[in-house]
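Here is a friendly walk through a protein chain, taken one neighbourhood at a time. Keep the structure open beside you and turn to each residue as it comes up.

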Amino acid sequence: QVALVESGGGLVQAGGSLRLSCAAAGRTLSPYSMGWFRQASGKEREVVATISRSDTTTYADSVKGRFTISRDNANNAVYLQMNALKPEDTAVYYCAARYAAAHYSPPRKEASAYPYWGQGTQVIVSS
C-alpha cells in the first residue's frame with residue numbers, strides 16, 4: 001500500500017503559478033511511475049502529466065509548455081509546477097502511483113493503470 005498526500009493547491013489569479021507536491025509517507029517512490037491527474041466539476045478525470053522511473057515525462061496537450069512534473073526520490077516526493085494558469089485549469093488535482101517493475105517502463109496515461117491515489121488538492125484559477 002502506498003499512501004499519497006497532495007498539497008499546494010489554492011486560489012490563484014489567471015497567469016499565476018502554483019506548485020503542487022505529492023508525498024509518500026514511509027515509502028520510497030523510486031520504483032513507481034507517478035502521475036498527476038485532475039477532475040473538474042462535472043467532468044471525467046484526465047491525465048495532466050506523468051513521470052516514469054527513468055524520469056521520462058509526458059504531458060497533456062493542454063498543459064504543455066506551462067506545467068512541469070518532477071520527482072525527488074531522496075525525499076519521496078513528486079511535484080507539479082504550474083505556470084501561466086488559466087481558468088480552465090480549475091479542478092481537483094490528484095497524485096497517483098503505479099509500481100513499475102522495469103526501470104525503463106514507459107509512463108502510463110490511463111487513470112485505471114494507477115492503483116494508488118491521494119485525496120486530491122483543489123486548484124481554483126480566477127479570471
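In this predicted model, the side chains of threonine 58 and threonine 50 meet in a polar contact of 2.4 Å. Threonine 58 sits in strand 6, which covers residues 57-59. Is threonine 58 buried or exposed? Its relative accessible area is 18%, and because the cut-off for buried is under 20%, threonine 58 counts as buried. Setting aside residues up to four places away in sequence, threonine 58 touches Val48, Ala49, Thr50, Pro107 and Lys109.

Let's follow one of those neighbours, proline 107. This residue belongs to the loop between strand 9 and strand 10 (116-117). Proline 107 is buried, at 15% relative accessibility. With residues up to four places away in sequence left out, proline 107 touches Thr50, Ser52, Thr56 and Thr58.

Now turn to the interior. In soluble globular proteins, nonpolar side chains tend to be buried together. Here the largest nonpolar core has 29 residues, and Leu4, Met34, Trp36, Leu80, Met82 and Tyr93 have the most contacts inside it. At least two residues of this core come from each of several strands, including strand 3 (18-24), strand 4 (32-39), strand 5 (46-51) and strand 11 (121-126).

The aromatic residues deserve a stop of their own. How many aromatic pairs are there? The count comes to five. In one of them, the ring centres of phenylalanine 37 and tyrosine 114 are 5.3 Å apart and the planes are at 70 degrees, so the pair is edge-to-face. Phenylalanine 37 lies in strand 4 and tyrosine 114 in the loop between strand 9 and strand 10, so this pair ties together parts that are 77 residues apart in sequence. Both phenylalanine 37 and tyrosine 114 are buried. Tyrosine 94 and tryptophan 117 also pair edge-to-face, with ring centres 6.4 Å apart and planes at 75 degrees. This pair links strand 9, where tyrosine 94 lies, to strand 10, where tryptophan 117 lies. Tyrosine 94 is buried at 14% relative accessibility, whereas tryptophan 117 is partly exposed at 24%. Phe37, Tyr94, Tyr114 and Trp117 form one aromatic cluster.

Arginine 45 lies over the face of tryptophan 117, at 4.7 Å from the ring centre, and arginine 19 lies over the face of tyrosine 79, at 3.9 Å from the ring centre.

Finally, visit the loops. Threonine 28 is in the loop between strand 3 and strand 4, and is partly exposed, with a relative accessible area of 39%. Its side chain makes a polar contact of 3.1 Å with that of serine 30. Apart from neighbours within four places in sequence, threonine 28 is in contact with Asn73 and Asn76. Asparagine 76 lies in the loop between strand 7 (67-72) and strand 8 (77-82) and is buried, at 18% relative accessible area.

Most residues other than glycine have a negative phi. Asparagine 76, however, has a positive phi, near 50 degrees. Alanine 84, in the loop between strand 8 and strand 9 (91-99), also has a positive phi near 50 degrees.

How values were computed:
Residues are numbered from 1 along each chain as its sequence is written. This is a predicted model: local features need pLDDT of at least 70, side-chain atom pairs count only at pLDDT 80 or more; totals for chains, interfaces and linings use all residues. Side-chain values use heavy atoms; hydrogens and water are left out. Helices (H or I, at least four residues) and strands (E, at least two) are DSSP runs, numbered from the N terminus. Buried means under 20% relative accessible area, exposed over 50%, partly exposed in between (1.4 Å probe, protein chains only). A polar contact is a pair of N or O atoms within 3.5 Å; within protein, one must be able to donate a hydrogen and the other to accept it, and residues adjacent in sequence count only if both atoms are side-chain atoms. Contact means heavy atoms within 4.5 Å. A nonpolar core is a set of buried Ala, Val, Leu, Ile, Met, Phe, Trp, Tyr and Cys residues joined through side-chain atoms within 4.5 Å. Rings of Phe, Tyr and Trp (its six-membered ring) pair if their centres lie within 6.5 Å; planes under 30 degrees apart count as stacked, over 60 as edge-to-face and the rest as tilted. A charge sits over a ring if NZ of Lys or CZ of Arg is within 6 Å of the ring centre and within 35 degrees of the ring normal.
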